[in-house]
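Visitor: I am new to this structure. Could you walk me through how to read it?
Guide: Gladly. Ask about one feature at a time.

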Amino acid sequence: MRAWRVDRPGPPGTRKFDLYAAPVPAPAPGELLVRVLACGVCRTDLHVLEGDLPVHRPGVVPGHEVVGEVVTPASEASGFTTGDRVGIAWLRGTCGHCKYCRSGAENLCPNSTYTGWDADGGYAEYTTVPAAYAHHLPGGYPDTELAPLLCAGIIGFRALRRASLPPRGRLGIYGFGASAHLAAQVALAQGATVHVMTRNAQARQLALELGAASASGAADPPPEPLDSAILFAPAGELVLPALAALDRGGTLAVAGIHLTDIPPLNYQHHLFQERQLRSVTANTRDDARDFLNFAAEHRLHVVTTPYPLEEANRALDDLATDHVHGAAVLVP
């Protein structure tokens, strides 16, 4: 099979990230062998490639928004059979017995493992996944539209939960890429008023087309105080205007796995009046199932830009320079 491997992380011009001929992986006990049909290109992949997130395994194959077809099921009891369409997401494994796993917060498990970071992911023609961490997928979507749901959609859904948006509340979204354009649709379906702040003019237009009440520059104040906000852009300097835009008691959730440094806060201006600042760390399998069930009941408008598998470098460069409309998806 063909597979991309991160041999040497680093900025453009220094990194070594190449397409190799590799053996088809052999699934371990309890794993599915999956033929990759589509794999979303996530900003987390870019962080791994550029060294912001040090690789956990040298030569890892990135990609954790995988739509595939089961080639070899783990067992009859796994819930999957040969030919089933299956989703592979970021969370790949947890210990199952620590206090976090026992309390329903498996995303905080200190022994958790991740697709495309600890184990090979979907920038390849075949991959494997533990059956217990694979996902059944909703019907009515093509493979390329399902792929972004498996990280961008799931993490946006968890970020919305972490933002504690009240019923019919006012939500601010900072940055409007793959994850944000899906989270916005969930919030709108729940009756929220959505205001979008992003530097990309094309993304602002998309936000308005999807039903946002306003769309303005990345650090611009929204037209009304916000009950909740989500920061999707990996820009720490946007934490300050996002906090300042919150009404009393409002909550800002930072959705990214990596964020540039946050400038000094002014307590009175940014945090007083019981404003809250929260991070988002991965997701649980329950988050994934709840979101995929939501996507089955509410047909989401998923904007994608497809790339052939051999053009993964171009897809990542386009993502880094904000030249992707919606979500980039690799298609073997």
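**Reading the model, feature by feature**

Guide: Start with V254, which is buried, with a relative accessible area of 10%. Keep in mind that this is a predicted model.

Visitor: Where is V254 found?
Guide: V254 sits in strand β14, residues 246-254.

Visitor: Which residues is V254 in contact with, leaving aside its neighbours within four places in sequence?
Guide: V254 contacts L231, L259, L277, R278, S279 and V280.

Visitor: How far apart are the C-alpha atoms of V254 and P264?
Guide: They are separated by 16 Å. Along the chain, V254 and P264 are 10 residues apart.

Visitor: Now helices. What should helix α4 span?
Guide: Helix α4 covers residues 178-189, which is 12 residues. At 1.5 Å a residue, α4 should span 16 Å. The end C-alpha atoms of α4 are 18 Å apart, which agrees.

Visitor: How many of the residues of α4 are buried?
Guide: Nine of the 12, so α4 is largely enclosed by the rest of the structure. The buried residues are S179, A180, H181, L182, A183, A184, Q185, V186 and A187.

Visitor: What follows α4?
Guide: G191 does, and its phi is positive, near 95 degrees.

Visitor: Which other residues should I look at for phi?
Guide: Look at S164. Its phi is near 50 degrees, a positive value in a residue other than glycine. S164 lies in the loop between α3 and β10. At 38% relative accessibility, S164 counts as partly exposed.
Guide: Then turn to Q273. Q273 is not a glycine, yet its phi is positive, about 70 degrees. Q273 is placed in the loop between α7 (267-271) and β15 (276-279). Q273 is partly exposed, with a relative accessible area of 28%.

Visitor: How are two packed helices described?
Guide: By the angle between their axes and the distance between the axes. Take α3 and α8: they pack at an angle of about 105 degrees, with their axes 9 Å apart. That makes α3 roughly perpendicular to α8.

Visitor: Which residues make the contact of α3 with α8?
Guide: From α3 come L149, L150, G153, I154, F157, R158 and R161. From α8 come D287, A288, D290, F291, L292 and A295. By class, this contact of α3 with α8 has eight nonpolar, one polar and four charged residues.

Visitor: At what angle do α1 and α9 cross?
Guide: The axes of α1 (residues 43-50) and α9 (residues 312-320) cross at roughly 105 degrees and come within 10 Å. α1 and α9 are therefore roughly perpendicular to each other. R43, D45, L46 and L49 of α1 meet L316, L319 and A320 of α9. The residues of this contact of α1 with α9 divide into five nonpolar, no polar and two charged.

Visitor: How is a pair of aromatic rings described?
Guide: By the distance of the centres and the angle of the planes. Here the count comes to seven aromatic pairs. One is W90 with W117, which is stacked: 5.6 Å centre to centre, with 15 degrees between the planes.

Visitor: Where do W90 and W117 lie?
Guide: W90 lies in the loop between β5 (85-88) and β6 (91-93). W117 lies in the loop between β7 (113-114) and β8 (126-130). The pair therefore ties together parts that are 27 residues apart in sequence. W90 and W117 are both buried.

Visitor: Is the pair of Y114 and W117 stacked, tilted or edge-to-face?
Guide: The ring centres of Y114 and W117 are 6.0 Å apart and the planes are at 45 degrees, so the pair is tilted. Y114 is buried, as is W117.

Visitor: Which residues do ring pairs link into a cluster?
Guide: W4, F17 and Y123.

Methods. Residues are numbered from 1 along each chain as its sequence is written. This is a predicted model: local features need pLDDT of at least 70, side-chain atom pairs count only at pLDDT 80 or more; totals for chains, interfaces and linings use all residues. Side-chain values use heavy atoms; hydrogens and water are left out. Helices (H or I, at least four residues) and strands (E, at least two) are DSSP runs, numbered from the N terminus. The expected span of a helix is 1.5 Å times one less than its number of residues. Buried means under 20% relative accessible area, exposed over 50%, partly exposed in between (1.4 Å probe, protein chains only). Axes are lines fitted to C-alpha atoms, for helices over the stretch in contact, and angles run from 0 to 180 degrees between N-to-C directions. Angles under 35 degrees count as roughly parallel, over 145 as roughly antiparallel, 65 to 115 as roughly perpendicular and the rest as oblique. Contact means heavy atoms within 4.5 Å. Ala, Val, Leu, Ile, Met, Phe, Trp, Tyr, Cys and Pro count as nonpolar, Asp, Glu, Lys and Arg as charged, and the others, Gly among them, as polar. Rings of Phe, Tyr and Trp (its six-membered ring) pair if their centres lie within 6.5 Å; planes under 30 degrees apart count as stacked, over 60 as edge-to-face and the rest as tilted.
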